[in-house]
Amino acid sequence: MNDNKWNVLLVDHDQNNIDDMTSLLIAQGLNPLVAHDVEQAMEIIRDHNINIIVTVAIMPGVTGLELSRNLEAKYPIVLITGNEDTKVIPFDSTIKAWCSCVLAREDIQRLPDACFKALERHEWDGALNKMIS
């Protein structure tokens, strides 16, 4: 077993979703850490080395969108959306700039691939920013 697993912070208020995502990530050798709200997420970020953040767009209190906006430059972020989310928030280029990957809830089986792609994009964006600065 690899002792250098990537830590994936899952932020979702729905325990059933957390359970599904946790199983998918563990099966791919990733280490999920769980927060049920943004406040818990910030505590985990302070206490652990986080490699990727997976958050739902809409949840009670501070939303995953707000978390994504505040942390986008520091971490690769996979934003999980539901069918109703597109009626509440416009998914435009601004949101795509905050998030490394946007994944529809019905495509949750693709979460491990989305995490790997988000990490690659984040690394590429960081290298590109260094080249142009």
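Predicted model: local features only at pLDDT ≥ 70, side-chain atom pairs only at ≥ 80, totals over all residues.
Residues are numbered from 1 along each chain as its sequence is written, and side-chain values use heavy atoms, with hydrogens and water left out.

Q: Why is asparagine 7 called buried?
A: Buried means under 20% relative accessible area, exposed means over 50%, and partly exposed is in between (1.4 Å probe, protein chains only). Asparagine 7 has 14% relative accessibility, so it counts as buried.

Q: What makes the pairing of asparagine 7 with asparagine 31 a polar contact?
A: The term asks for a pair of N or O atoms within 3.5 Å; within protein, one must be able to donate a hydrogen and the other to accept it, and residues adjacent in sequence count only if both atoms are side-chain atoms. The two side chains make such a contact at 2.6 Å.

Q: Which residues is asparagine 7 in contact with, leaving aside its neighbours within four places in sequence?
A: With contact meaning heavy atoms within 4.5 Å, they are Asn31, Leu33, Asn49, Ile50, Asn51 and Ile52.

Q: Why does asparagine 17 count as buried?
A: Its relative accessibility is 16%, so the label is buried. Asparagine 17 sits in helix H1 (residues 15-27), and its side chain makes a polar contact with that of aspartate 12 at 3.2 Å.

Q: How do you know that the buried residues of H2 line one face of the helix?
A: In helix H2 (residues 38-47), the buried residues are Val38, Ala41, Ile44 and Ile45. Viewed down the axis of H2, they fall within an arc of 115°, so they line one face. The arc is that of the directions from the helix axis to the C-beta atoms.

Q: Why is the pair of tryptophan 6 and phenylalanine 116 called tilted?
A: Rings of Phe, Tyr and Trp (its six-membered ring) pair if their centres lie within 6.5 Å; planes under 30 degrees apart are stacked, over 60 edge-to-face, and the rest tilted. The count by this rule is one aromatic pair. Its ring centres are 5.5 Å apart and its planes stand at 55°, so the pair is tilted.

Q: What makes tryptophan 6 and phenylalanine 116 partly exposed?
A: Tryptophan 6 has 30% relative accessibility, so it is partly exposed. Phenylalanine 116 has a relative accessible area of 26%, so it is partly exposed too.

Note on methods: Helix = DSSP H or I, 4+ residues; strand = E, 2+ residues; numbered from the N terminus.
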